[in-house]
Amino acid sequence: MQRRSFIRNSSLGTIGFLSQPSFPFLEDSLLGHNNKRYRLDTKWSKADVATNPVNDCHEMVQDSKGRIVLLTNEVKNNVIIYDKAGKLLTTWGHEYPGAHGLTLFNENGTDVLFICDNSRHQVIKTTIDGRVLLVLDYPKETGQYTKATEYVPTETAIAPNGDIYVADGYGKDFIIQYDSKGRYINHFGGKGPEAKHLSNAHGICVDQRDPLHPCLIVTSRQQNAFKRYTLNGVYIDTIPLPGAWVCRPVIKGDYLYAAVLQSNTLQGKQSGFVTILDKNFKVVSNLGGSQPQYVDHKLEEMYQTAKYFQYPHDVCVDDEENLYVAQWNSGKVYPYKLSPVI
Amino acid sequence: MRTLFNIFIALVSCQICLGQKSVQLAPALLKYSSVFFKDAAKVEMKFAQEGANIYYTLDGQLPTEKSTIYKKPIRINKNLTTLQVMTSGPSFLPSEIISTTFIKDGLPIQSEQHSAPNEKYKGNGPNTLFDNEGGLLNMKSPTWIGYQQDTIEILVELKSAKKVQSVLIDFLQDYKNWVFLPQLIRVDYLNADTKQFESFVESSFELNKSIVAPECRPIMLTAGNKMVTNQLKIKLYGIKNLPDWLPGKRRHGWIFLDEIKVY
């Protein structure tokens, strides 16, 4: 009888082979595959750690002025706003100890932000400079929650009509849909064995690349997959990403970008990378990860190959196609910038 | 060891003075059905990084760039072969070394009875300890049987009486999850003439402070003389007093085992 083979974790040995003559440095490296290759700048942020420290760098977005907005759970400055060259322009926010999800929405010409706070068990809508506009408490309207602590929102996505979708990624894995005023409409997903269910619904975005069929893409991180749903929550299909603990999907142009927190085979060992999918959901490039390979149209296990990143948590793509990578639990490092190499 | 440490310091200093860091490769992926095999184990290795190679050894030597380059799946048929693997490429620091020991089946086992394990780690049916499955670092894998008690007794019955010299037990060692080797392993054999269990072999273990990563620890106990028997009684004694340098305060450590072989 032929026994099935599985990818196995092995014992990690000690550090070895340090007597090699010379090695190129981080900044000389070219990351990625195919038409998505980048040069890495780990010193993009010019912030002074003494005055503007970060803790976990969770998510980043670019506002309509072209500025890069970072969300960290460091309450000295929950939001740090940079220019694209990494110069710190301004900061705000001291009241978001569990700052996790950051989504920007252009509301009738005005930028607004949605912050998911894991510790406060709330979603907070603010102006771009931090004035609170709306607070969404735990969704008892769903009938699924009896107390706030069961609800640990990780991400929001805003539909073109202003509907707010909240992913309860560290709570009960429901996606809760509200109208633009914060009135409950619907909920779907949740934990369970069926394809429509989610396991660690860590991220969500609205995919409008096919204008006739906009849909939601939701992360099911422990399943190493994205799942697609209609805007009213009907499950469409699953996009398996074997080996990859994907964080939120980020769409820019034809491509979908996602930080991969860690490789499934090396959990808890700083084994993250960044993955990029084309509009047909085919992985075209992994930054710091294995070259994507399809066998019989099936994606092979993906994994970190070079330790550029520790635990990447989000990717922001700016108007010039540069990437910014925010990292969780990675020695309180500021975000890295990656510039495309054509 | 001291020299290696000095080289490490020198390299780190060099990086600090330049204010730059080199990039290390990650380990390769290993694919196989189990570390336990009947005739041979097939191992596939993967590392999809341009320009990089997988280097491996099977002879106990640490792999270097002079070691064998992996080209196609390998077959391992020698008992207790340790596969050691690293990746290396022209633009990177070589990876850490990963290692896995493969274990060949022993004398046929008819049945086995063991003390009641912890409810959460009951194993995978009555053949768990001789089904050639396991060797996984995940303590939640049903291939493991887990105990949180001081004394564990296991009775192994062979298919027929054979000359026996050694017993191998595969343990999990994972200090972070409070999983340790037993302090003492004692094996008795059934003497067919006296119908009594008599002392066969025993071995004791001490905690090694320098071990940090979880690993599978196949422990081979070899007796001075071969004995003809069809039954072995194995007793595992857990560590009674855990040292202060271990984090946390709990009453008992855990013992996890997934396979027993008799040779």
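**A hairpin and its sheet**

Begin by selecting strand E18 (residues 215-220) and strand E19 (residues 225-229) of chain A, which run antiparallel and are joined by five bridges. Strands here are DSSP runs of E with at least two residues, and helices are DSSP runs of H or I with at least four residues, numbered from the N terminus; two strands pair if DSSP finds at least two bridges between them. This is a predicted model, in which local features need pLDDT of at least 70 and side-chain atom pairs count only at pLDDT 80 or more, while totals for chains, interfaces and linings use all residues. Residues are numbered from 1 along each chain as its sequence is written, and chains are lettered from A and ligands numbered from 1 in the order in which they are written.

Within this pair, look across from Thr219(A) to find its bridge partner in E19(A), Phe226(A), and then from Ile217(A) to its partner in E19(A), Arg228(A). E18(A) and E19(A) form a hairpin with four residues between them, and in that turn Asn224(A) has a positive phi of about 55°.

E19(A) and E20(A) pair in the antiparallel sense over five bridges, and Lys227(A) stands opposite Thr238(A) in E20(A). The hairpin of E19(A) and E20(A) has five residues between the strands, and Gly233(A) in this hairpin takes a positive phi near 90°.

Now widen the view to the whole sheet, which is open and made of four strands in the order E17-E18-E19-E20 (chain A), with antiparallel pairing.

**A second hairpin in chain A**

Select strand E3 (residues 30-33) and strand E4 (residues 36-41) of chain A, which run antiparallel and are joined by four bridges. Gly32(A) has Arg37(A) as its bridge partner in E4(A). There are two residues between these strands, and Asn34(A) in the hairpin takes a positive phi near 55°.

**Two loop residues**

Which residue lies in the loop between strand E14 (164-167) and strand E15 (174-178) of chain A? Asp173(A) is found there, and although it is not a glycine, Asp173(A) has a positive phi of about 65°. Asp173(A) is buried, with 23 other C-beta atoms within 10 Å; a residue is called buried if 20 or more other C-beta atoms, placed from the backbone, lie within 10 Å of its own, exposed if 12 or fewer do, and partly exposed in between.

Move to chain B and select Lys195(B), in the loop between strand E12 (184-191) and strand E13 (196-204). Lys195(B) has a positive phi of about 60° although it is not a glycine. Is Lys195(B) buried or exposed? It is exposed, because 7 other C-beta atoms lie within 10 Å.

**Around Glu155(A)**

Return to chain A and select Glu155(A) in strand E13 (residues 155-158). Glu155(A) is buried, with 30 other C-beta atoms within 10 Å. Not counting residues up to four places away in sequence, Glu155(A) touches several residues, including Cys116(A), His202(A) and Arg248(A); two residues are in contact if their C-beta atoms, placed from the backbone, lie within 7 Å.

**How confident is the prediction?**

Finally, colour the model by pLDDT, the predictor's confidence in each residue, from 0 to 100. Chain A averages a pLDDT of 94, and 95% of the residues score at least 70. Over residues 14-23 of chain A, however, the pLDDT is below 50. The mean pLDDT of chain B is 89, and 90% of its residues reach 70 or more, but over residues 1-20 of chain B the pLDDT is below 50. Where pLDDT is low, the predicted coordinates should not be read in detail. For the complex, the predictor gives an ipTM of 0.90 and a pTM of 0.88.
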